[in-house]
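Me: I am new to this structure. Please take a close look at one part of it, the charged side chains and how they pair or gather. Keep it brisk.

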Amino acid sequence: MRREPTRGLRRMPQTRLPRTRQKKAIHEKMKKECLDTLGMQLRDKEMRKQEDEKLHESLSVHARQEERLYHESEQQRKEQLKAKNLAYAAELKEQIKMERERKLLEPFEISKAEREINKGLLDKLSTQMTTSAKR
């Protein structure tokens with residue numbers, strides 16, 4: 001007993017029709033929930049991405065500021081070291097100059113006692129010269 005195909009739409013039994021609609025409704029509901037969840041996840045992902053970009057930008061700005069401050073402090077340290085070295089060099093030159101002058105003057109320097117003896121001798125000599133000049 002073969003049945004011949006019927007032309008046109010086949011009618012579904014009444015019991016299957018609500019069950020199919022119910023499955024489609026559940027499927028659509030799940031699909032909508034899935035799309036809503038996916039939408040929320042995409043928004044969250046975009047917000048995290050923007051926050052990460054802001055954080056990265058602020059960190060890079062901070063890093064550039066730290067680098068600039070480091071270079072400025074390094075330059076200042078080098079300038080202070082150079083000034084200190086120049087002052088030390090000037091002090092050494094002055095000491096060398098004073099040492100040379102001391103060496104030149106050393107043979108001519110005399111002690112206080114020698115100066116008094118010389119003064120006494122000069123006074124004696126000058127008195128002798130004045131008395132001899134009067135004669």
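Reply: Start with one pair. Lys 32 forms a salt bridge with Asp 36. Their closest N and O atoms are 3.4 Å apart. That falls inside the cut-off, because a salt bridge calls for a side-chain nitrogen of Lys or Arg within 4 Å of a carboxyl oxygen of Asp or Glu. This is a predicted model, so the distances here are computed from it.

Where do Lys 32 and Asp 36 lie? Both are in helix α1, which covers residues 16-105. They sit 4 residues apart, about one turn of the helix.

How open are the two partners? Lys 32 counts as exposed, because its relative accessibility is 53% and the class begins over 50%. Asp 36 has 40% relative accessibility, so it counts as partly exposed.

Now step back to the count. The structure holds 4 salt bridges, and the pair of Lys 32 and Asp 36 is one of them. Two others deserve a look.

Take Arg 77 next. Arg 77 forms a salt bridge with Glu 74. Here the closest N and O atoms are 2.6 Å apart. Arg 77 and Glu 74 are 3 residues apart in helix α1, so about one helical turn separates them. Arg 77 is partly exposed, with a relative accessible area of 44%.

Then there is Arg 64. Its salt-bridge partner is Glu 57. The closest N and O atoms of Arg 64 and Glu 57 are 3.7 Å apart. Arg 64 counts as partly exposed, at 48% relative accessibility. Glu 57 is partly exposed too, with a relative accessible area of 43%.

Some charges gather instead. Which residues form the patch of negative charge on the surface? They are Glu 46, Glu 51, Asp 52 and Glu 53. Such a patch takes in residues with over 30% relative accessible area and no salt bridge. Glu 53 has a relative accessible area of 46%, so it is partly exposed and clears that area cut-off. Glu 53 also has its place in helix α1.

Last, the setting. The chain has 2 helices and 0 strands. Of its 135 residues, buried ones make up 1%. The chain exposes about 14,300 Å². Carbon and sulfur atoms supply 57% of that area.

Technical notes: Residues numbered from 1 in each chain as written. Predicted model: local features only at pLDDT ≥ 70, side-chain atom pairs only at ≥ 80, totals over all residues. Heavy atoms only, no water. Buried < 20%, exposed > 50% of the residue type's maximum accessible area, 1.4 Å probe, protein only. Patch = residues over 30% accessible without salt bridge, like charges linked within 9 Å, V, L, I, M, F, W, Y side chains within 5 Å. Areas by Shrake-Rupley, 256 points an atom, 1.4 Å probe, with all protein chains shown as cover. Lys, Arg positive; Asp, Glu negative; His and termini not counted. Charge placed at Lys NZ, Arg CZ, Asp CG, Glu CD.
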